[in-house]
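Colleague: Before I use this model, I would like to go through some of the labels attached to it. Please set each one against its definition.

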Amino acid sequence: MPSSRPHRPALSLSQKLAALATLVSNKLLPLFAFRKHRAEDMPPEALIGKGVRFVKRIYRLRVIGLGIGFFCVAAGFLQALVAPPLWVLLVFHGFIWPHLARYWALNSAIPYRAERRNLVIDAGFGGFWIAAMQGNLIPATVIIAMLSMDNIAAGGMRLFVRGLYASLTGFALGWLLLGFEFTPQSDLTTIVACLPMLVLYPLVLGKSTYDMSKKLAERSRAFEIVSQQDGLTGLLNRRYWETQLIEEFDNCHRGTHDSCLLLLDLDHFKNINDTHGHLVGDEVLRNFSALLRENLRADDAIGRYGGEEFVVILRKTALAEALALSQRVIDKVREQRELGNRLQGCTVSAGLVPFSHTLEAHFSWLQRADHAMYCAKEQGRDCLMVEGEDGQVSAISDAEGGVMAATLLASVVAQTHAAVFSKQRPQA
Ligand SMILES: Nc1nc2c(ncn2[C@@H]2O[C@H](COP(=O)(O)OP(=O)(O)OP(=O)(O)O)[C@@H](O)[C@H]2O)c(=O)[nH]1
């Protein structure tokens with residue numbers, strides 16, 4: 001049956017080659033070349049060796065995607081009755097290229113960029129297959145949709161647009177080399193061959209994207225924790241602790257509850273460094289931090305303010321209870337002298353200040369605690385000083401502190417007993 005399509009003048013081979021050369025130099029090569037450095041981009045030297053995990057993730061997706069995509073295009077080829085070299089190229093792209101792309105990217109100076117270039121090449125191949133299948137609509141749509149999904153997931157709109165350019169270039173290349181007669185009908189075999197790609201690949205990509213976002217969330221949580229911690233002791237670092245103090249100051253100011261601020265400083269710590277060296281000094285700081293954690297409550301915000309100076313926000317704590325807690329810490333430090341050299345015989349001086357509405361700002365609270373601690377040093381160290389609302393600093397004798405600590409202990413025991421007792425008796 002004679003064709004109803006209008007006859008197009010055939011291009012000579014030299015015309016085709018000239019057009020191809022122009023296309024490659026103007027469109028294709030710039031896509032594969034490293035793009036110009038932009039101000040917001042990282043400098044290339046900072047990217048050296050980056051993206052190995054990205055390459056491995058894309059490799060897995062490419063092996064699956066191109067593996068099942070092969071059948072999609074092969075069905076289109078069967079319909080279009082293409083020449084054997086195209087089959088060879090399709091087998092290469094479906095089953096050899098994924099491994100080659102991985103090898104190429106991993107052996108590049110910047111694997112991340114090399115992998116993005118590989119994704120653009122994939123998009124170029126996609127356009128070429130569409131031309132080779134003479135625009136067979138179902139596989140063409142599936143290919144473009146999957147490639148675009150890949151590029152958006154891997155590199156956002158920028159990579160998506162580059163991929164589209166590459167697909168157009170691949171399509172034009174196919175048109176020039178193979179000729180193009182738009183034949184959009186897809187037979188049943190082609191439709192069925194496209195189903196695995198349509199169903200399976202989005203699942204695989206979705207799973208991979210989910211795994212990646214989960215890992216990212218975990219990493220950002222870990223990073224958040226690290227950014228709040230003091231590197232040596234694992235306590236809150238000064239910057240983060242201060243944000244907690246501001247928050248607590250505001251809560252107390254609004255009248256939500258009362259809290260106390262405790263500042264502790266190891267006595268003659270310099271001697272430990274001078275006598276035993278900095279490593280032992282570090283060990284003492286770590287051990288003292290552990291002692292604070294063991295003897296204070298989970299809700300207390302314990303921070304390292306700097307050097308051998310520590311700060312604690314005793315949240316929702318009235319002065320009497322705060323005194324008992326502070327005294328307990330001082331007693332535990334003293335106990336260490338008899339128990340061994342965990343703290344190298346160090347003692348601690350402490351200043352305690354309850355919240356007061358006369359405080360102008362969080363730093364005034366801190367200044368008062370610092371002042372009380374300084375008074376404890378003046379007093380001969382190894383003691384606790386309390387600064388009241390009126391600015392009067394008073395020493396807490398061991399006996400007073402001890403009684404308070406004992407009272408606190410008794411009340412904690414009573415509360416625990418009550419809790420256990422009420423658990424044992426089923427409620428009516
Ligand atoms: N090992 C170790 N030493 C530290 C660290 N940070 C600060 N220091 C040392 O802590 C010492 C603090 O000395 P000083 O400020 O004189 O205080 P002190 O010797 O405890 O004397 P008083 O506070 O007056 O009882 C200095 O020698 C610092 O080098 C640290 O992270 N590790």
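Modeller: A residue is near a molecule or strand if its C-beta atom, placed from the backbone, lies within 6 Å of it. Around the ligand there are 15 residues, and Phe269, Lys270, His278, Gly281 and Gly307 come nearest. This is a predicted model, where local features need pLDDT of at least 70 and side-chain atom pairs count only at pLDDT 80 or more, while totals for chains, interfaces and linings use all residues. Numbering starts from 1 along each chain as its sequence is written.

Colleague: Which element supplies the largest share of the shell around the ligand?

Modeller: The largest share, four residues, comes from α10. At least two residues each come from β1 (260-266), α9 (269-276) and α10 (278-295). Helices (H or I, at least four residues) and strands (E, at least two) are DSSP runs, numbered from the N terminus.

Colleague: What makes Arg381 partly exposed?

Modeller: Arg381 has 14 other C-beta atoms within 10 Å, so Arg381 is partly exposed. Arg381 sits in the loop between α12 (362-378) and β5 (384-387).

Colleague: What is the phi of Leu81, and what is the phi of Arg381?

Modeller: Leu81 has a positive phi of about 50°, and phi of Arg381 is near 70°. Most residues other than glycine have a negative phi.

Methods: Buried ≥ 20, exposed ≤ 12 C-beta atoms within 10 Å, placed from the backbone.
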